[in-house]
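Subject: Structure handover

Hello,

Here is the structure I said I would pass on. My notes on it follow below.

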Amino acid sequence: MDRKWGRSLTPDNVKDGISEYFKAGNNQYRRDMIALVISQLKKLESIFSQNLPFKLIAASVLIIYEGDVDSKAVTHDYPSIEDTMKKFEAQDYLDMKSNKVAEFRMIDFAHVIIHKEPQPDVGIVTGLRNLIKYLTEIAEEADKSTANL
């Protein structure tokens, strides 16, 4: 996956592209990472939904996670999305001592507009909500496919 691949995605296949990013080597989805990402994206959504004195133009969310399923930082079981979300809400997995499991960063914001009156960043919030929706659908589909095995 590179920039050219990312730019080739369209509204019709972006969900498929996102789902590829969260597949483990054994063709199962990393539901633990999907749940962690959803949790962190919801935190970002909450921040950008507040009245802010600025607006970011053309920003991106960089998501990096430990993809080595043999890593001791990675869970080997893939519980349901609901169970995993509860686990991540109970503790912050980004602050694990020596094994950082994932990182989230806002990047590529080339321009920042200062508002006269603080307001939510509707563009960022819309993008985050769409990403949360796609990831939730991917996790639910993974749960269903596992239940059918």
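**Salt bridges**

R129 is partly exposed, at 48% relative accessibility. The cut-offs here: buried is under 20% relative accessible area, exposed is over 50%, and partly exposed lies in between, with a 1.4 Å probe and protein chains only. The model is predicted, so local features need pLDDT of at least 70 and side-chain atom pairs count only at pLDDT 80 or more, while totals for chains, interfaces and linings use all residues. Residues are numbered from 1 along each chain as its sequence is written, and side-chain values use heavy atoms, with hydrogens and water left out.

R129 has a salt-bridge partner, E45, with the closest N and O atoms 2.5 Å apart. (A salt bridge is a side-chain nitrogen of Lys or Arg within 4 Å of a carboxyl oxygen of Asp or Glu.) E45 sits in helix α3 and R129 in helix α5, so the bridge ties together parts 84 residues apart in sequence. Helices (H or I, at least four residues) and strands (E, at least two) are DSSP runs, numbered from the N terminus. E45 is buried, at 17% relative accessibility.

There are five salt bridges in the structure. Another of them pairs E137 with K15, at 3.2 Å between the closest N and O atoms. This pair also links distant parts of the chain: K15 is in helix α2 (residues 14–21), E137 is in helix α5, and 122 residues separate them. E137 is partly exposed, with a relative accessible area of 26%. K15, E137 and E141 are linked in a salt-bridge network.

R30 and D32 also meet through their side chains, at 3.0 Å from N to O. Both ends are buried: R30 has 0% relative accessibility, and D32 has 2%.

**Core**

Which residues have the most contacts inside the largest nonpolar core? They are F22, I34, L41, F48 and L135, in a core of 29 residues. (A nonpolar core is a set of buried Ala, Val, Leu, Ile, Met, Phe, Trp, Tyr and Cys residues joined through side-chain atoms within 4.5 Å.) At least two core residues come from each of α3 (31–48), β1 (52–57), β2 (60–65), β3 (102–107) and α5 (122–147). The top contributor is α5, with ten residues. In soluble globular proteins, nonpolar side chains tend to be buried together.

Take F22. Neighbours within four places in sequence aside, F22 is in contact (heavy atoms within 4.5 Å) with Q28, Y29, R30, M33, I34, V37, Y65 and L135.

Helix α3 has 18 residues, 14 of them buried, so α3 is largely enclosed by the rest of the structure. From first C-alpha to last, α3 reaches 25 Å, close to the 26 Å expected at 1.5 Å a residue. (The expected span is 1.5 Å times one less than the number of residues.)

**Surface and loop**

A nonpolar surface patch is formed by M1, W5, Y21, L62 and I64, with about 450 Å² of accessible area together. Patches take residues with over 30% relative accessible area and no salt bridge; like charges are joined within 9 Å, and nonpolar side chains (Val, Leu, Ile, Met, Phe, Trp, Tyr) within 5 Å. Areas come from the Shrake-Rupley method with a 1.4 Å probe; for residues, only the protein chains shown count as cover. I64 is in strand β2. It is partly exposed, at 43% relative accessibility.

One backbone point. A58 has a phi near 60°, a positive value in a residue other than glycine. A58 is in the loop between β1 and β2, and is exposed at 59% relative accessibility.

Best wishes
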